[in-house]
Amino acid sequence: MGPFFRIVGGEQALGKTVQFNRRTCRGRKWFVIFASFLISTHFLVGTASCEVQRAEADEMRAHCEICHDRGMIFQQRLTPAQWLAEVKKMEKWGAAVPADQEKSLVDYLSGQFKAGSVPMAAREASSVTLLDSVKPLADPARFHGDARAGQGVFTDACGECHGPDARGKQGPNLVQQPILYRFNDFQEIVMRGRRTMPAFSGVLDRKQLENLVAWLRTQQIH
Ligand code: HEC
Ligand code: HEC
């Protein structure tokens, strides 16, 4: 669930809503443990509804974040009828929402981004913050990338999407990108995946990531 709750880009307002919900869910779990001798169905139902909410958040990720940024969804404040119309419209665009998940998805969207709730906060960032987000960071201690080995890893795992020479295909160009000099950020994206990019945790190890970065750094756009 990590990436979903992370506060990114212009999504601060949503980050807050969802984090609040998550806290409520956690609180309920502890309550259930504390009050277990009471065997209160109320709390049990509460915990179950948190699980349902998580499942719905997953549905939204799976069905709605394929074509566009989640910000497109998070900034809306719609009534249930409007959300239903929106989801139907997206289905016409090609969103493959299984019929039996449509209602729960609409309920979820209507609950999270409801008409009349606080508007999404505008992204506020000074130029210093923006520069900070792309400035090169020192490599972690014991960084030993081997570019030659990295090329092989790239061809096997990444080239199909990012292009054989990493100049971009359905995945973006990776050559001469600031992220190559921010190893921890690079590692996070590759290990966790992002939208249509799959996660490589359990597939690639740290050494292979270092090799990948070392090779990518040797590439230049002429
Ligand atoms: C197959 C690609 C695709 C998928 C999947 C998709 N959308 Fe969209 N979405 C679009 C396009 C294209 C637009 C721009 C539509 C326009 O300009 O009228 C858009 C626009 C939107 C908008 C902005 C309002 C609007 O109608 O223009 C919202 C909100 C939205 N989508 C929500 C969703 C939700 C919720 C889902 C999941 C059920 C979803 N989208 C899945 C393609 C998609
Ligand atoms: C199935 C296709 C696919 C594969 C395989 C894939 N990627 Fe991606 N990658 C993408 C897409 C699409 C994006 C853009 C994600 C987004 O929507 O932000 C992306 C984004 C990235 C980014 C972020 C770029 C930036 O500047 O924000 C990095 C870094 C990256 N990929 C590295 C890799 C590496 C390294 C591999 C191989 C281990 C890999 N990718 C494999 C499709 C893929």
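These are my notebook entries on a predicted model with a protein chain and ligands.

**Ground rules.** I number residues from 1 along each chain as its sequence is written, and I letter chains from A and number ligands from 1 in the order in which they are written. Since this is a predicted model, I kept local features to pLDDT of at least 70 and side-chain atom pairs to pLDDT 80 or more, while totals for chains, interfaces and linings use all residues.

**Confidence.** I looked up the pLDDT, which is the predictor's confidence in each residue, from 0 to 100. The protein chain averages 80, and 77% of the residues score at least 70. Over residues 1-25 the pLDDT is below 50, and this stretch has 28 contacts beyond near neighbours in sequence, a contact being a pair of residues whose C-beta atoms, placed from the backbone, lie within 7 Å. Residues 30-44 also have a pLDDT below 50, with seven such contacts in the model.

**Ligand 1.** I counted a residue as near a ligand if its C-beta atom, placed from the backbone, lies within 6 Å of it. Ligand 1 is surrounded by 17 residues, and the closest are C64, C67, M90, G94 and A95. Helices here are DSSP runs (H or I, at least four residues), numbered from the N terminus. I find at least two residues of this shell in each of α3 (41-64), α4 (71-74) and α5 (80-93), and α5 gives the most, with five residues. I sorted the shell by class, with Ala, Val, Leu, Ile, Met, Phe, Trp, Tyr, Cys and Pro as nonpolar, Asp, Glu, Lys and Arg as charged, and the others, Gly among them, as polar. That gives eleven nonpolar, four polar and two charged residues around ligand 1.

**α5 and what follows it.** The expected span of a helix is 1.5 Å times one less than its number of residues; for the 14 residues of α5 this should be 20 Å, and the end C-alpha atoms are 20 Å apart, which agrees. Just after α5, G94 takes a positive phi of about 125 degrees. V97 is in the loop between α5 and α6 (99-112). I call a residue buried if 20 or more other C-beta atoms lie within 10 Å of its own, exposed if 12 or fewer, and partly exposed in between, with C-beta atoms placed from the backbone. V97 is partly exposed because it has 19 other C-beta atoms within 10 Å. Leaving out residues up to four places away in sequence, V97 touches H63, V87, E91, E102 and L105.

**Ligand 2.** Around ligand 2 I find 22 residues, of which A157, C158, C161, G171 and M197 come nearest. The elements that give two or more residues to this shell are α9 (159-162) and α10 (183-192). By class, the shell holds 14 nonpolar, five polar and three charged residues.

**Core.** A nonpolar core is a set of buried Ala, Val, Leu, Ile, Met, Phe, Trp, Tyr and Cys residues joined through C-beta atoms within 7 Å. The largest has 15 residues, and F154, F186, L212, V213, W215 and L216 touch the most other members. Its largest share, six residues, comes from α11. Beyond four places in sequence, L216 is in contact with A166, L174, V175 and L180.

**Two positive phi angles.** Most residues other than glycine have a negative phi. A166, in the loop between α9 and α10, has a positive phi of about 65 degrees, and A166 counts as buried because it has 25 C-beta neighbours inside 10 Å. R142 has a positive phi of about 60 degrees, and R142 counts as exposed, with 7 C-beta neighbours inside 10 Å.

Terms used: Contact = placed C-beta atoms within 7 Å.
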